[in-house]
Amino acid sequence: MKKSFLRSARTGAIATTATVALVLAGCSSDDSASENGAAGGDDANGGDGRGPITFAMGKNDTDKLIPIIEKWNEEHPDEEVTLSELAGEADAQRETLVQSLQSGNADYDVMALDVTWTAEFAANQWLQPLTDDFETDTSSLLDSTVESATYNDTLYALPQNTNGQLLFRNTDLVDEAPETFDDIRSACEALEEDTDCLTMTLKQYEGLALNTAGFMEGWGGSVLDDDGNVTVDSEESKEGLQAMVDAYEDGTISADSTAATEEETNMTFTEGDTAFAVNWPYMFANSEDAGLNFEVQPLVGKDGVGVSTLGGYNNGININSENKATALEFMEFIINEENQKSFAEASFPPVLASIYDDESLVEQHPYLPALKESLENAAPRPVSPFYAAISKAIQDNAYAALTDGKSVDDATTDMKAAIESASQG
């Protein structure tokens, strides 16, 4: 095992058609909507309104939505959807949406929100709650995705697509699938010195926050409890972080992991330089293309199946939209069986649970059963309007514990203090 101590890439060509208008991101002024204010809008302001709407989404994944928008527009010529492409970077997408919403504009009727933004947008009263006349059936969706769209026990968005991490194993290097994290450590004892054991995204960015939370959850802890209390310093959470630190120090987790994003992890695994890797499902096709012999499974934790952090988009309705009835029906249209199947065919994980049991799809995408199990055991990132501060607190202190010798007790104490300070500020 190598002892030297040294996230989902999403691509897709953006199609263009005559029936779908691709609008450059930016804030345009809408005087009539602005008069309502950022917290304005109620059932009288678009509650049963029907007509053309604008759908805003980051450009990286709009190729998956364009065919769906085209079908909608063919069937609803008086309620056409115009696609407004936002920037590819998540921070820039959020900034564009926030600027528009803070101004009380109705530039965007439906917004594809990173799962971490839903609570923030709901807390700022920018989203139409999906209650009363806007109540929608979510019983067929994966529970974890619905949880990610819920804030203060109220559904504020409708899950569109999701994502979960998988454990990839090079079967030429390790024959048997591990059942616990200790099994990974044991399996790697026989590896050659120039082969890494487990590669993960532990660079100081969102990937580190996700994997730190995954270790905490996989050992029975959490970042926040169900009531929003900070629990990073619970005994279970500390045990999970300690397991990650110990695995990094003894070489079970590769030393290169603290410089790795999803793409470095992808390259290391597909080039055969690591026995195991934690990454998103997109790496499955890359591994096949590389000619690897490999298998995938859900993550493993202390005593069995581990906990992946949830990714994906939730669709929310702008509180100031004048055509909310159309907006809701379009969001429901996206998650019908035909459209969710098209997501799976494009390796864009759907939220409709039944899709993962479709035999024809499983034959095309053998990772689907493992991904379904991963998603069923997944945990949404902390549902909080202060998620950015939570992520930074986790990153800063976990990285110090991994690379600078900071004790787990001190790291979790400082995490908690920073998170509580952010929520009170």
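**Strand β7 (residues 158-163) runs antiparallel to β12, the two being joined by 5 bridges.** This is a predicted model, in which local features need pLDDT of at least 70 and side-chain atom pairs count only at pLDDT 80 or more, whereas totals for chains, interfaces and linings use all residues. Residues are numbered from 1 along each chain as its sequence is written, and side-chain values use heavy atoms, with hydrogens and water left out. Strands (E, at least two residues) and helices (H or I, at least four) are DSSP runs, numbered from the N terminus; two strands pair if DSSP finds at least two bridges between them. Within β12, Asn 314 is the bridge partner of Pro 159. Strand β4 (residues 110-114) is also antiparallel to β12, through 5 bridges, and here Val 110 stands opposite Ile 317.

**Strand β12 (residues 311-317) has 7 of its 7 residues buried, so the rest of the structure largely encloses it.** Buried means under 20% relative accessible area, exposed means over 50%, and partly exposed lies in between (1.4 Å probe, protein chains only). Gly 311, Tyr 313, Asn 315 and Ile 317 point one way from β12, and Gly 312, Asn 314 and Gly 316 point the other way. Residues of both sets are buried.

**Strand β2 (residues 53-58) is largely enclosed by the rest of the structure, because 6 of its 6 residues are buried.** On one side of β2 the buried residues are Ile 53, Phe 55 and Met 57. β2 runs parallel to strand β3 (residues 81-86), with 6 bridges between them. Gly 58 faces Leu 86 of β3 across this pairing, the two standing opposite each other.

**The largest nonpolar core holds 55 residues.** A nonpolar core is a set of buried Ala, Val, Leu, Ile, Met, Phe, Trp, Tyr and Cys residues joined through side-chain atoms within 4.5 Å. Phe 55, Leu 65, Leu 130, Phe 168, Val 296 and Phe 330 have the most contacts inside the core. Helix α11 (residues 324-334) contributes the most to it, giving 6 residues. At least three residues come from each of domain 1 (53-163 + 312-379) and domain 2 (164-309 + 383-423); these bounds come from an automatic or database domain assignment. Leaving aside neighbours within four places in sequence, Phe 330 is in contact (heavy atoms within 4.5 Å) with Ile 53, Phe 55, Ile 69, Trp 72 and Val 81. Another core lies apart from this one and has 43 residues, including Leu 208, Ala 213, Val 232 and Leu 241.

**An open sheet of 4 strands has the order β9-β10-β8-β11 and mixed pairing.** β9 (196-199) and β11 (294-297) are at the edges with a single partner strand each, so one side of each has no neighbour in the sheet. From one strand to the next the twist averages 15 degrees. β8 (residues 166-170) runs antiparallel to β11 through 4 bridges, and Phe 168 stands opposite Val 296 in β11. β8 is likewise antiparallel to β10, again with 4 bridges; Ala 277 in β10 is the bridge partner of Phe 168. β9 and β10 run parallel, joined by 3 bridges, and Thr 199 stands opposite Ala 277. In β10, 6 of the 6 residues are buried.

**In helix α10, Tyr 282, Met 283, Phe 284 and Ser 287 are buried.** The buried residues of this helix pack against β8, α9 (262-270), β10 and β11. Just after α10, Gly 291 takes a positive phi of about 75 degrees.

**The structure holds 1 disulfide, which joins Cys 188 to Cys 197.** A disulfide is a pair of cysteine sulfur atoms within 2.5 Å, and in this link the S to S distance is 1.9 Å. The link is right-handed, with 75 degrees about the S-S bond. Both Cys 188 and Cys 197 are buried.

Note on methods
Axes fitted to C-alpha atoms, helices over the stretch in contact; angles between N-to-C directions.
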